[in-house]
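Have a look at the model first, and then we'll go through it together.

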Amino acid sequence: MSETLTLHRSLPLSDLSEDETMFRDQVRQFAEERVRPLVSRMDKEAQIPRSLIDECFQLGIMGIEIPEKHGGAGATFFMSVLVVEELARVDASVAVLVDVQNTLVNNALLRWGTEEQMARYFPKLASKWVGAYALSEAGSGSDAFALTCRAEDKGDHFSLTGRKLWITNAAEADLFIVMATLDPAKGYKGITSFLVERDFPGFEVGKREDKLGIRASSTCELILESCRVPKQNVLGEVGKGYKIAIETLNEGRIGIGAQMVGVAQGSFEHGVKYSQERQQFGHPIADFQGIQFLLAELATEIEASRLLTYNAARMQGTGASFIKEAAMAKLFASQAAEHVTSKVIEIYGGYGFSREYPVEKYFRDQKVGQIYEGTTHMQLLVIAKQVLGKM
Ligand SMILES: Cc1cc2nc3c(=O)[nH]c(=O)nc-3n(C[C@H](O)[C@H](O)[C@H](O)COP(=O)(O)OP(=O)(O)OC[C@H]3O[C@@H](n4cnc5c(N)ncnc54)[C@H](O)[C@@H]3O)c2cc1C
């Protein structure tokens, strides 16, 4: 056994390399100094200011895995996970904007794009273009491959007609990965991925959802009416869109796991601080064993979520199969985030229920973690199939 391999195996999962620590610290500082002051306003106005998105580009966190030759940071998937966690600790909406850009859009283009597509889109995605990923429709969510958005081969181009729903980043995005079917009779084998630019004729961003949580993150409908997409904008092979969707979401789930770790951590830190400040019966409430045991339990849940998420992300980097681990990370981290953020509200007592304090927002923001990129039921199905050897 080589020395490197022995060393690698002996490292704790949460051990970060020098580069990872530096990147994480930079993003933590950005989140504290630039994002935190805007959190409450962004939530109320349901909007992320463009100036903040521009700062994300300048920091290099919108093109983490984009190769340096195309203007990106040339870093790893694991770095994306660290970035999403750090941002979500402060604001889950900014975290998901960055998450979708990196773990879904850039990731899909990196894995399935042609050299020409990468050269055309990566410099923009690394510097100013926000990306979005459009799979879901009104009638197809968990059963994603029942989608009805239609693509027709018109000889020199494809024509796309249909609607997409729930599309994160749609209000800001310039580039959309759109899944449509070329032949509904072929079922999932008819599904193809297309790179659709915002100003392609026949493309429109529709109504924006008014949501419970991650309110500053845009979630909109897409309307495609004979949308003209050049032939060179097929991502991957015709009829292989289902494979792109499945494989991208396997990785995306780790990002959502990271988002949930960050949300739980951010909420928890407020809970710890408040418990040491709030006095009842002549003592800080942290002196009471009931509060101490609760904090200990929540800390353990966050640690377990983080380890599951880091493990899945590290596995992604080794080329090993990580389908089960990614689903477990998202499943566990999203459930832990629900528990942690709920209990932190209780630590705050009545103040936790007030919108003047920061903890109710974490509770609202976490809920989506059990819905998007596959509901809790879908994660359980994936894990069960793996456990039963049915995949
Ligand atoms: C804020 C937000 C952002 C989103 N962003 C995006 C995006 O950027 N791109 C995108 O494509 N989509 C996006 N989505 C859509 C999201 O992925 C879907 O909402 C999700 O996949 C669930 O689909 P659905 O809402 O149609 O629920 P349904 O599939 O109708 O599910 C309803 C309930 O039935 C359960 N269920 C369904 N089938 C089964 C089964 N076989 N066994 C057991 N239980 C089952 C589900 O678990 C759930 O509890 C977003 C959603 C939200 C809320």
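Here is a tour of a pocket and the ligand.

First, some ground rules. This is a predicted model, where local features need pLDDT of at least 70 and side-chain atom pairs count only at pLDDT 80 or more, while totals for chains, interfaces and linings use all residues. Residues are numbered from 1 along each chain as its sequence is written, and side-chain values use heavy atoms, leaving out hydrogens and water.

The largest pocket has a volume of about 1300 Å³. (A pocket is an open set of points on a 1 Å grid over the protein atoms alone, where a 1.4 Å probe fits, with protein on both sides within 12 Å along at least five of seven lines; lining residues have an atom within 4 Å of a point. The volume is the space filled by probe spheres set on the points, which are joined across faces, edges and corners.) Of its 44 lining residues, Gly141, Ile371, Tyr372, Glu373 and Gly374 are the closest to the centre. Helix H8 (241-277) is among the elements giving two or more residues to this lining, and H8 gives the most, with 7 residues.

So what sits in the largest pocket? The ligand does. Around the ligand are 20 residues, the closest being Ser136, Ser142, Trp166, Thr375 and His377; to be near, a residue needs a heavy atom within 4 Å.

Look for some polar contacts here (pairs of N or O atoms within 3.5 Å). The side chain of Thr375 has an N or O atom 2.6 Å from a ligand oxygen. Trp166 uses a backbone N or O atom, 2.7 Å from a ligand nitrogen. At Leu135, a polar backbone atom is 2.9 Å from an oxygen of the ligand.

Key:
Helices (H or I, at least four residues) and strands (E, at least two) are DSSP runs, numbered from the N terminus. A polar contact is a pair of N or O atoms within 3.5 Å; within protein, one must be able to donate a hydrogen and the other to accept it, and residues adjacent in sequence count only if both atoms are side-chain atoms. A molecule sits in a cavity or pocket if more than half of its atoms lie within 2 Å of its grid points.
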